[in-house]
Amino acid sequence: MKVSVIGAGYVGLISGACLAELGHDIILVDVDKEKIATINTGKNLPIYEEGLEELLSRVHIKTSSDYAEAASADVFLICVGTTADESGAIFSRHLVTATGQIAAAVKDRQDYYVVAVKSTVSPGTTEEVVIPILEKAGKKAGVDFGVCMTPEFLTEGRGIYNFMNPNRIIIGEYDKRSGDVLERLHRGLDAPVLRTGLSTAEMIKLASNAFLATKISYINEIGNICKRLGIDTYDVARGMGLDDRIGQKFLNAGIGFGGSCLPKDLKILISSAQKADYQPDLLQSVTDLNEAQALKPVELLEKHISLKGATVGILGLSFKPGTDDIRDSRAIRIVRVLLDEGAAVKAYDPLALGKFLELFPEVKAATAEEVVDSDAVLILTEWAEFDKLDYRGRIVIDGRRIEKAREARIYEGVCW
Ligand code: UDX
Ligand code: UDX
């Protein structure tokens, strides 16, 4: 099939490359010409993702910044960024622009095509925002074109694996004909396909990520209690996870969740609930606990040293290991507080240091060994290499459970 993937960010780039691997004819469209130029070189891609350079060199993908070149697709897959503001109101500005550009590009077409939203949106968006824009020029959904909403479940660092080996494929469809086209698009992937209405698909994405977030805040709350009682939360989590109704995954206690999805998706869900006149107290608590959890390392550190004039070393800046992504990373909150309190900060991260220094030029870049050689060390991302450092004689506050760090002179885990 001919597929125009709109938006060459994390989701669009991976989805486009994987759909090409499945044999589809892909054109990747992005308004950012510089990004397109970088992707065309195949090197120093805008995002780091394991296996992506290799995959892009193997499959053939066309790229463009011009929607006219993408106009003849069987399927338009919208992957532009969506963000939520503090109130949770989702910014669908990019979605609106991209949909408008698709509508303009296809206005003279007489044949059938499907527009599918992959970007995460609040329930009702495809029906209430996307379809009216596509119908503006006199075309009719379900007659002249089809509409679907097919959420992504890609975890950064494992995006290609997740796309090629999904747990499930969710296809929200305007009508059966649209859904049949999307099901054909995914042919070759071995996973259960669930076909639903458009809003249900939008909600499945939000409810899934909110559940993962809840699991993390839950174990962090248990961890905060365990720390006071002198119990090792990781032993508790192991014991809980052996119950296959609970499972071991997403029970790593620590400084909480960041990234481009979990915090944002919670905000969107809370705001959608409030708009529907329902106050989601559980989800609000999950968010509040996660906010408070971010600052636990600083609270613990202040028990041992005075921040003013101290040099604090930070190990780990990305929101999780395996990625250079610092969106909503815990390190951002923590470093801001440390600097405000008058500490100097040295930092190391195997991939994210460059991006982090753009945000915080006052932070000193260092090697992992130099970082450990500070008045105190905070571990904020569980990169495997941190388990090989020499922490003897140091003060370490561990936000992510690095076993080797326990050898420090003073060691504190946030939840253990
Ligand atoms: C985004 C959303 O944030 C996520 O919630 C959703 O599920 C998928 O899309 P991501 O791919 O990480 O995730 O976003 P981002 O890296 O910001 O990429 C979006 C791309 O769209 C950017 O390259 C941007 O230049 C491009 N874009 C944006 C367009 O091509 N056209 C526009 O009108 C706006
Ligand atoms: C998430 C979802 O997993 C994915 O399905 C979705 O589509 C996009 O959002 P991602 O943001 O890449 O993926 O990261 P994820 O692995 O879910 O981790 C999110 C955050 O939770 C990280 O900051 C991580 O450190 C934290 N986390 C995760 C914990 O604190 N404890 C855990 O047990 C697991």
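## Close-ups of a predicted model

View 1. Strands here are DSSP E runs of at least two residues, helices are H or I runs of at least four, and both are numbered from the N terminus. Two strands count as paired if DSSP finds at least two bridges between them. As a reminder, strands of a sheet pair through backbone hydrogen bonds, either parallel or antiparallel.

**View 2. Strand 12 and the strands it pairs with.** Of the 5 residues of strand 12 (residues 344-348), 4 are buried, so the rest of the structure largely encloses this strand. Buried means under 20% relative accessible area, exposed means over 50%, and partly exposed is in between, using a 1.4 Å probe and protein chains only. Strand 11 (residues 311-315) pairs with strand 12 in the parallel sense, over 5 bridges, and T311 stands opposite A344. To get from strand 11 to strand 12 the chain goes through helix 13 (residues 330-340), in a right-handed β-α-β crossover. Right-handed means that, with the strands pointing away from the viewer, the path from the first strand over the helix to the second runs clockwise. Strand 12 also pairs with strand 13 (residues 364-365), again in the parallel sense, over 2 bridges. Here A347 stands opposite A365.

View 3. S318 lies in the loop between strand 11 and helix 13. Its relative accessibility is 2%, so S318 counts as buried. What does S318 touch, leaving aside its neighbours within four places in sequence? Its contacts (heavy atoms within 4.5 Å) are T323, D325, I326, S329, D349, A352, T381 and W383.

**View 4. G259 and S260, side by side in a loop.** G259 is in the loop between helix 9 and helix 10, and S260 has its place in the loop between helix 9 (233-241) and helix 10 (262-275). G259 is buried at 4% relative accessibility, and S260 also counts as buried, at 17%. Not counting residues up to four places away in sequence, G259 touches F319, R327 and D328. With its neighbours within four places left aside, S260 is in contact with E156 and R327.

View 5. How many disulfides does the structure hold? The count is 0, where a disulfide is a pair of cysteine sulfur atoms within 2.5 Å. C18 is in no disulfide, and the nearest cysteine sulfur, that of C79, is 11 Å away. C18 is buried, with a relative accessible area of 0%. C226 is in no disulfide either; for C226 the nearest cysteine sulfur belongs to C415, 8.5 Å away. C226 is buried too, at a relative accessible area of 6%.

**View 6. Stepping back to the whole chain.** The protein chain has 15 helices and 16 strands. Its C-alpha trace spans about 75 × 45 × 35 Å along the principal axes. A compact globule of 416 residues would have a radius of gyration near 22 Å, and the 23 Å of the protein chain agrees with that. That radius is taken over C-alpha atoms, and the globule rule is 2.2 Å times the number of residues to the power 0.38. Buried residues make up 56% of the 416 residues. Among contacts with a separation of 6 or more, 69% are between residues 24 or more positions apart. The protein chain exposes about 18500 Å², with carbon and sulfur atoms supplying 52% of it; accessible areas come from the Shrake-Rupley method with a 1.4 Å probe, and for residues only the protein chains shown count as cover.

**Notes on the views.** Residues are numbered from 1 along each chain as its sequence is written, while chains are lettered from A and ligands numbered from 1 in the order in which they are written. Local features need pLDDT of at least 70, side-chain atom pairs count only at pLDDT 80 or more, and totals for chains, interfaces and linings use all residues, while side-chain values use heavy atoms, with hydrogens and water left out.
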